[in-house]
Amino acid sequence: MKRINVFFTMAIALTFFSCIQNTASDSNIIKLSTNWHIISSAKIDVGGEKIASSDFNRENWYPTEVPTTVLAALVKNDVYSNPYYGLNLKSIPGYREGRWLAMQKDSPFYPSWWYRTEFKVPADFNRKNLVLHFDGINYQANIWLNGHQIADSAQVKGMFRRFEFDVNEWIKTGEKNVLAVEIIAPGHIADIPYRTKQLEATTGWDDHNPQPPDLNMGIWQKVYLTTNGAVMLRYPYVSTDLDLPSLDIAHLTVSAELTNVTEHTVSGDLIGKIENISFSKNVNLTAGESKIITFTPNEFSQLNITNPRLWWPNPVGPQNLYKMQLEFRIKDQISDKKMVRFGIREVSTYINDEGWRGYMVNGKKILIRGGAWMTSDMMLRLTTRRYEALIRFAHEANLNMLRSEGFSIRETDEFYNLCDEYGVMVTQQIFGRSIPDEKLAIDNVEDMLLRIRNHPSLVHFLGHDETFPTPTLDKAYRELIAKYTPERTYQPHSGAFEIKNRFETGGTRTGTHELWTYATPSHYYTHKEDGAWGFAQSGGIGGVIAPYESMKKNMPVKDLWPPYNETFSFHTVLQEIEYFNVVIDNMKIRYGEMTGIEDFCRKGQALNYESARGMYEAYGRNKYDALGLTTWKYNAAWPAVLTWQYVDWFLNVGGAYYGAKKACEPLHVQYSYDDQSVYVINNFYKSFEKLHVKAKIFNFDMTEKYSKKTVVSVSEDGKTEAFKIDLPNGLSTTYFLSLKLEDAAGKEISDNFYWHSTVADIEGTKKTVKEANGWWVLEKQPKSVADFTALKKLEKVHLQTSVDFETGESESTAKVSVHNPDSHLAFMIHLSVTRGKGGEEVLPSYWDDNYFSLLPGESKVIKAHFNNNDLQGSAAAIKVDGWNVH
């Protein structure tokens with residue numbers, strides 16, 4: 001077969017082998033993940049032609065696997081100590097303080113680095129078309145194969161593009177091949193101050209955590225060879241159009257690109273199969289021709305599916321998924337084939353009468369409660385385990401959207417596959433800022449769209465973070481989305497600082513200094529412009545304090561307390577610990593002086609729990625005047641002690657997470673901080689009748705001061721006010737509210753426990769002040785702060801606990817029964833699974849509930865799920881602790 005030598009820089013349909021989207025059979029793939037070695041070009045004086053030869057001596061090269069960044073490989077080879085511990089990152093050459101874009105010329109990562117591997121191609125591949133794929137390179141590369149340069153750094157540029165090369169001319173079947181890749185880092189720009197956070201089509205970290213010294217240079221995604229016959233099949237796509245509101249027929253449109261790689265005309269059949277539905281077209285392709293082939297439901301009636309199984313976000317419905325197989329046959333021989341997974345759903349957005357953006361799924365409104373997603377690891381060690389845990393945590397908390405942040409990577413298919421499976425919607429931000437090389441930016445965006453558009457979890461696009469794209473970029477984004485995925489919506493700007501500008505940004509707002517530092521649980525009720533109203537792409541509760549179990553893994557014990565030291569501050573945000581002064585100050589006033597790091601963490605979990613619960617509950621109470629929130633932010637890319645995080649780098653979760661999880665129960669009873677009302681919030685698309693709502697107030701000494709109950713109904717996706725609480729006289733300064741929701745048979749559906757104060761949170765003065773380090777921090781002088789200092793006087797409680805373990809093939813379940821036999825409140829009870837008694841906590845562990853409280857005589861049964869491998873050969877045990885728990 002004579003072939004045409006084609007250089008492809010566009011995306012191809014094949015990406016992650018371990019993922020379901022856009023895959024081919026393993027027999028057509030040679031994975032080039034092992035037997036790699038790296039070295040700095042400063043250490044050798046030969047070029048690619050020699051390095052890519054079979055007789056080259058790679059002495060003193062570092063062994064590695066790909067994907068990996070240069071820094072991650074060096075850390076694995078013990079060149080540098082764990083960068084995540086203490087101040088180790090600062091000791092790595094090339095490290096710079098603060099936010100930076102230009103790499104200094106004396107950095108060891110400024111010179112290019114070579115990646116080299118040797119591999120064999122089976123002899124029976126000699127009559128097949130061979131294509132070499134790079135799914136992600138940061139930032140530029142010169143590529144050599146068997147002594148021949150097949151691409152240069154002008155062609156291979158941009159972190160968020162896939163590259164593919166016809167290598168038939170240089171590949172050797174049945175014998176050793178050598179592939180050498182010279183990686184050039186981002187940051188080869190003038191080292192001057194910039195009035196922007198992003199200049200190149202690469203990842204960044206804004207102010208979330210330090211920049212890795214190598215700027216994540218390397219081969220950060222998979223490398224592999226694929227084979228096909230005379231015709232290559234790429235970009236398979238299924239778009240769905242659902243009849244609304246009946247949902248009884250889905251109209252599918254299928255498309256794919258075919259490329260004839262030979263020097264003669266080829267005729268064959270493109271054949272598709274979706275379960276028991278088949279469709280095909282005869283296609284003629286002239287030499288070298290590429291053609292988009294489309295199957296429409298008007299032309300192929302079988303693509304009008306009756307009573308389709310729909311994909312819904314969690315928790316409003318199941319995450320049904322379909323698979324489509326496409327293959328191109330020439331005379332009954334398969335030339336190429338691909339499989340994609342898709343979901344049938346229709347997601348749209350709208351602008352309401354007040355100018356805010358709302359979301360609809362399958363014809364129904366949906367309240368968005370989620371978080372901003374950040375790249376999951378600072379050194380881009382993007383493991384299945386980490387992705388699984390982070391997205392499962394969102395699912396378990398009923399957080400229904402993640403906003404993939406524009407300074408992060410353009411997320412992987414593994415991320416999107418898990419969001420598909422767990423029912424977590426994704427808003428994809430395109431870039432953080434406008435890239436001066438606009439053609440390169442557009443090429444990156446085009447490839448991203450072609451790669452991720454089959455995922456049902458992908459619902460909306462944002463242009464840039466807190467800024468507008470240039471007019472030419474904005475126009476290009478709109479045209480690309482209209483071309484490749486017109487059923488999805490777009491807005492140019494993530495959110496307005498001044499809410500009057502929401503009409504230009506696209507119907508959303510961003511956060512404020514207050515919401516990025518500390519917000520009380522009442523804030524989202526008592527404030528309108530930055531409260532539970534409209535749609536907030538950012539905002540939040542401010543600094544989140546990591547659990548003590550995570551903190552002690554971060555740094556030496558001597559640096560844990562007091563917190564105002566270099567190491568502790570380094571593990572906060574770039575603004576340093578002073579940025580969160582208002583968090584620490586409010587915690588001192590609210591809960592009393594901290595006596596040490598464990599007390600600091602314990603009070604921090606209580607502080608974060610009440611704020612996170614209050615924020616998400618306010619959005620539930622105010623729906624659909626409040627349309628949604630993706631809080632700043634959901635996860636952290638490295639170990640942080642005090643930052644914006646609901647799930648920390650160790651995959652541990654604390655009070656903020658469990659407060660959010662409590663608030664986002666799909667059928668939920670809650671208290672309103674502004675008017676003392678008790679509401680039942682229903683997030684299901686079905687109504688409920690004869691629900692029993694009970695409220696009780698207890699003084700600090702556990703004497704009952706108030707009791708009320710009623711029976712209510714709540715409509716589909718509705719809310720019902722049960723009653724307003726008339727606060728009794730004689731309340732202690734700190735008192736407690738217990739809410740219960742039961743069905744008609746008396747089965748508990750929801751319980752909610754609040755600690756309140758007769759001293760109200762009342763806002764006073766606030767101002768921003770520029771610190772000596774150049775960052776702005778918020779100073780607040782509230783008129784009054786809720787007083788929970790009496791909590792330190794709670795009597796110790798001896799809980800009665802029992803546990804049953806059920807061991808599955810890969811995952812085990814702990815069923816823990818907890819009873820409070822004492823006459824005192826058991827406050828903020830915390831359960832953890834450990835590796836044997838007294839061992840380290842098993843992470844991740846997925847608890848039904850945690851940081852909960854038990855009134856005297858109360859009992860609760862809590863389940864946890866955890867992976868057997870995370871026990872590391874130990875027997876599982878349960879640790880019980882808490883605010884006042886022995």
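This is a predicted model: local features need pLDDT of at least 70, side-chain atom pairs count only at pLDDT 80 or more; totals for chains, interfaces and linings use all residues.
Local features were taken at pLDDT of at least 70 and side-chain atom pairs only at pLDDT 80 or more, while totals for chains, interfaces and linings use all residues. Residues are numbered from 1 along each chain as its sequence is written, and side-chain values use heavy atoms, without hydrogens and water.

The largest nonpolar core has 215 residues. A nonpolar core is a set of buried Ala, Val, Leu, Ile, Met, Phe, Trp, Tyr and Cys residues joined through side-chain atoms within 4.5 Å. Buried means under 20% relative accessible area, exposed over 50%, and partly exposed in between (1.4 Å probe, protein chains only). Ile 143, Leu 179 and Trp 755 have the most contacts inside this core. Helix 13 (residues 597-621) gives the most to it, with eleven residues. Helices (H or I, at least four residues) and strands (E, at least two) are DSSP runs, numbered from the N terminus. A second, separate core has 51 residues, among them Ala 230, Ile 277, Met 324 and Val 347.

Contact means heavy atoms within 4.5 Å. With neighbours within four places in sequence left aside, the contacts of Ile 143 include Phe 134, Ile 137, Val 156, Phe 165 and Leu 179. His 148 and Gln 149 are also among them.

The structure holds ten cavities of 30 Å³ or more. On a 1 Å grid over the protein atoms alone, a cavity is a set of points where a 1.4 Å probe fits but cannot get out; lining residues have an atom within 4 Å of a point. Grid points are joined across faces, edges and corners, and a volume is the space filled by probe spheres set on the points. The largest cavity has a volume of about 180 Å³. Its lining comprises 18 residues, of which Leu 101, Thr 202, Thr 203, Gly 204 and Gln 211 lie nearest the centre. Eight lining residues are nonpolar, six polar and four charged. Here Ala, Val, Leu, Ile, Met, Phe, Trp, Tyr, Cys and Pro count as nonpolar, Asp, Glu, Lys and Arg as charged, and the others, Gly among them, as polar.

Helix 4 (residues 413-422) is largely enclosed by the rest of the structure, because nine of its ten residues are buried. The buried set includes Asp 413, Glu 414 and Asp 420, as well as Phe 415 and Leu 418. Gly 423 follows helix 4 and has a positive phi, near 75°.

In strand 35 (residues 667-671), five of five residues are buried. Leu 667, Val 669 and Tyr 671 point one way, and His 668 and Gln 670 the other. Strand 35 runs antiparallel to strand 36 (residues 677-682), and five bridges join them. Two strands pair if DSSP finds at least two bridges between them. Leu 667 has Asn 682 as its bridge partner in strand 36. Five residues separate the strands of this hairpin, where Gln 676 takes a positive phi near 60°.

Asn 635 sits in the loop between strand 33 (626-631) and strand 34 (642-643). It is buried, at 0% relative accessibility. Its contacts beyond four places in sequence include Trp 373, Met 374, Leu 390 and Trp 644. Asn 586 belongs to helix 12 (residues 581-591). Asn 586 is buried, with a relative accessible area of 7%. Beyond four places in sequence, Asn 586 touches Tyr 518 and Val 785. Its C-alpha is 9.3 Å from that of Pro 782, 196 residues apart along the chain.

Technical notes:
On a 1 Å grid over the protein atoms alone, a cavity is a set of points where a 1.4 Å probe fits but cannot get out, and a pocket is an open set with protein on both sides within 12 Å along at least five of seven lines; lining residues have an atom within 4 Å of a point.
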